[in-house]
2 protein chains.
Amino acid sequence: MTPAVAGGAPARTTPPLNRAQVLAAGVALADREGLAAVSMRHLSAELGVVPMALYKHVADKHDLVAGMIDLVVAGYAVPPPGLEWREGVRRHVLAARDALLEHPWLRPAIEAATQRTPAVLAHMDTVAGAFAAGGLSYDLVHHGMHALGHRIWGFSPEAFSNPPAPGTLPLPAPSAAEQHAMMAAVAQQYPHIAAIAIDTATRHPLGACDDQFEFEFTLDLLLEAVARLHVTGWSSR
Amino acid sequence: MTPAVAGGAPARTTPPLNRAQVLAAGVALADREGLAAVSMRHLSAELGVVPMALYKHVADKHDLVAGMIDLVVAGYAVPPPGLEWREGVRRHVLAARDALLEHPWLRPAIEAATQRTPAVLAHMDTVAGAFAAGGLSYDLVHHGMHALGHRIWGFSPEAFSNPPAPGTLPLPAPSAAEQHAMMAAVAQQYPHIAAIAIDTATRHPLGACDDQFEFEFTLDLLLEAVARLHVTGWSSR
DNA sequence: ACCTGAACACCGTTCAAGT
DNA sequence: ACCTGAACACCGTTCAAGT
């Protein structure tokens, strides 16, 4: 076995790793052998390096998977601007679906993740913007996103209220000043998410997003739509 | 530390374990500490037994989790008979949701499982029956179930076509005789699933359930329903 | 700055043995 | 029939050390 560099570099035979390489290798490995095969040890072997070397580029296993998710989600295809709102939303959702079909591990990975990553939030904001482009109220945008639900992945409405798994320590509540700074930063980066949050807070001053309401809203929307097809004698093909 | 039995049973201090006890302990442990805490070693310690003892009652880890899923799904509340079909479906879905809220590990467990278990199939059949009670065509029942999608858990339409994870060996295709026997057994136990399968096979002789069609069917159903709310000036609260 | 080696506390599962 | 003990091939992550 000769080192990868042919010329004769003296001490360091291979260039040092970086985060992007580690994440890309993780994505490639997951594509090839599934998410379960992405262990620190297996991935490091793939990169010709000892397991602990990865910890220079990745905080821990969760950070590795979060980075892999973001790498893919940031690459979602973006439809051309100026589409009618329904077509715009449609294209965004189908673009996300394309990525999910290409990377079957992505959906379980996003579902298992406890924190939403920046690219995931950005996609959420983009889809909310596509709704808002049609002049829908942010109230309806909010519920519309909940209705699409897991169809938009990366973005999933559960981002708003994800019950922590048992055995997880609750994060310390941010102070008022921290909350203010956070809101300002979110409003800057994710204007549509901020608009929904403000609209929701105005409507329901107690703050909480009522999951039960969202669930029944979508359920009834779907049942009514199916019933409508039933009475019109709809048939596939 | 004295044995649990007080009276003075001579050799065997505790009654032998059985499958139901193991599964119930697994459910209790998952409820208390999350699915990740349910390891063969941890669960066996909980039962005061060596890890290998569990393998007398459970084939392996997958069988343990499948048994835990079935235990909960078989306990879904059943709405009273004779309801209008939409209300019937609604109650079944909300009963499943109640169980999911009570056992937060259930959804990830069902999602991660590769095989549908008997109780999950039975629930599916029950919901299909609730649709069919309204006189809907099995074509529409099929698409309606796909539209409800993950809202009915245990039951999820992906049961029809679950892409195997990479690295999983494909099961050998059943012979024609085996297929015939399987269909007969299914038709016996799950009449509504069988009716949908027959209807689908009649419509699409090539057999496959077109996931892309299902996805877009639901997507468009939802977008149209939201658009309808938009034009009527719908507002929450 | 980046990588290594040995170690720790975990996994699921096998096999042969005990009672 | 049911449970045990030792072993194997894995995990993620720590710490102190190398270059």
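What follows is a set of questions and answers on how the labels were reached.

Modeller: Keep in mind that this is a predicted model. Ask away.

Biologist: How many helices and strands does chain A have?

Modeller: Chain A has 10 helices and 0 strands. Read from the N terminus, its elements go α-α-α-α-α-α-α-α-α-α.

Biologist: What is the confidence in chain A?

Modeller: The mean pLDDT is 78, and 76% of the residues of chain A reach 70 or more. In residues 1-12 of chain A the pLDDT is below 50, and this stretch has 4 contacts beyond near neighbours in sequence. In residues 154-171 of chain A the pLDDT is also below 50. That stretch has 32 contacts in the model beyond near neighbours in sequence.

Biologist: Why is His103(A) called buried?

Modeller: The cut-off for buried is under 20% relative accessible area. His103(A) has 12% relative accessibility, so His103(A) counts as buried.

Biologist: Where is His103(A), and what does this residue contact?

Modeller: His103(A) sits in the loop between helix 4 (85-102) and helix 5 (106-112) of chain A. Apart from neighbours within four places in sequence, His103(A) is in contact with Val27(A), Asp31(A) and Val72(A).

Biologist: What makes His92(A) buried?

Modeller: Its relative accessible area is 9%. Buried means under 20%, so His92(A) is buried. His92(A) belongs to helix 4 of chain A. Not counting residues up to four places away in sequence, His92(A) touches Pro79(A), His123(A), Thr126(A), Val127(A) and Ala130(A).

Biologist: Why is Ser137(A) called partly exposed?

Modeller: Partly exposed lies between the two cut-offs, under 20% for buried and over 50% for exposed. Ser137(A) has 32% relative accessibility, so Ser137(A) counts as partly exposed. Ser137(A) lies in the loop between helix 6 and helix 7 of chain A.

Biologist: What separates Ser137(A) from Glu87(A)?

Modeller: Along the chain, Ser137(A) and Glu87(A) are 50 residues apart. Their C-alpha atoms are separated by 18 Å.

Biologist: How do you know that Ala66(B) is partly exposed?

Modeller: Its relative accessible area is 21%. Buried needs under 20% and exposed needs over 50%, so Ala66(B) is partly exposed. Ala66(B) lies in helix 3 (residues 61-73) of chain B. The C-alpha atoms of Ala66(B) and Ile110(B) are separated by 8.2 Å, and the two residues are 44 apart along the chain.

Biologist: What makes helix 7 of chain A mostly covered?

Modeller: Of the 11 residues in helix 7 (residues 138-148) of chain A, 10 are buried. Among them are Asp139(A), Leu140(A), His142(A), Gly144(A) and Leu148(A). Gly149(A) follows helix 7 of chain A, with a positive phi near 55 degrees.

Biologist: How many residues of helix 7 of chain B are buried?

Modeller: In helix 7 (residues 138-148) of chain B, 10 of 11 residues are buried, and the helix is mostly covered. The buried residues include Val141(B), His143(B), Met145(B), His146(B) and Ala147(B). Gly149(B) comes after helix 7 of chain B, and its phi is positive, near 50 degrees.

Biologist: How do you know that helix 3 and helix 6 of chain A are in contact?

Modeller: The axes of helix 3 (residues 61-73) and helix 6 (residues 118-132) of chain A come within 8 Å and cross at roughly 35 degrees. Helix 3 of chain A contributes Ile69(A), Asp70(A) and Val73(A) to the contact. Helix 6 of chain A contributes Pro118(A), Ala119(A), Val120(A) and His123(A). By class, the contact has 5 nonpolar, 1 polar and 1 charged residues.

Biologist: Which domains is chain A divided into?

Modeller: Domain 1 covers 19-58, and domain 2 covers 82-157 + 210-231. The C-alpha centres of the two domains of chain A lie 31 Å apart. In chain A, 4 residues of domain 1 are in contact with 4 residues of domain 2.

Biologist: And the totals?

Modeller: Chain A has 237 residues, and 41% are buried. Its accessible surface is about 12600 Å², with 62% belonging to carbon and sulfur atoms. Of the contacts in chain A between residues at least 6 apart in sequence, 68% join residues at least 24 apart.

Definitions and conventions
Residues are numbered from 1 along each chain as its sequence is written. Chains are lettered from A and ligands numbered from 1 in the order in which they are written. This is a predicted model: local features need pLDDT of at least 70, side-chain atom pairs count only at pLDDT 80 or more; totals for chains, interfaces and linings use all residues. Side-chain values use heavy atoms; hydrogens and water are left out. Helices (H or I, at least four residues) and strands (E, at least two) are DSSP runs, numbered from the N terminus. Buried means under 20% relative accessible area, exposed over 50%, partly exposed in between (1.4 Å probe, protein chains only). Contact means heavy atoms within 4.5 Å. Accessible areas come from the Shrake-Rupley method with a 1.4 Å probe; for residues, only the protein chains shown count as cover. pLDDT is the predictor's confidence in each residue, from 0 to 100. Axes are lines fitted to C-alpha atoms, for helices over the stretch in contact, and angles run from 0 to 180 degrees between N-to-C directions. Ala, Val, Leu, Ile, Met, Phe, Trp, Tyr, Cys and Pro count as nonpolar, Asp, Glu, Lys and Arg as charged, and the others, Gly among them, as polar. Domain bounds come from an automatic or database domain assignment.
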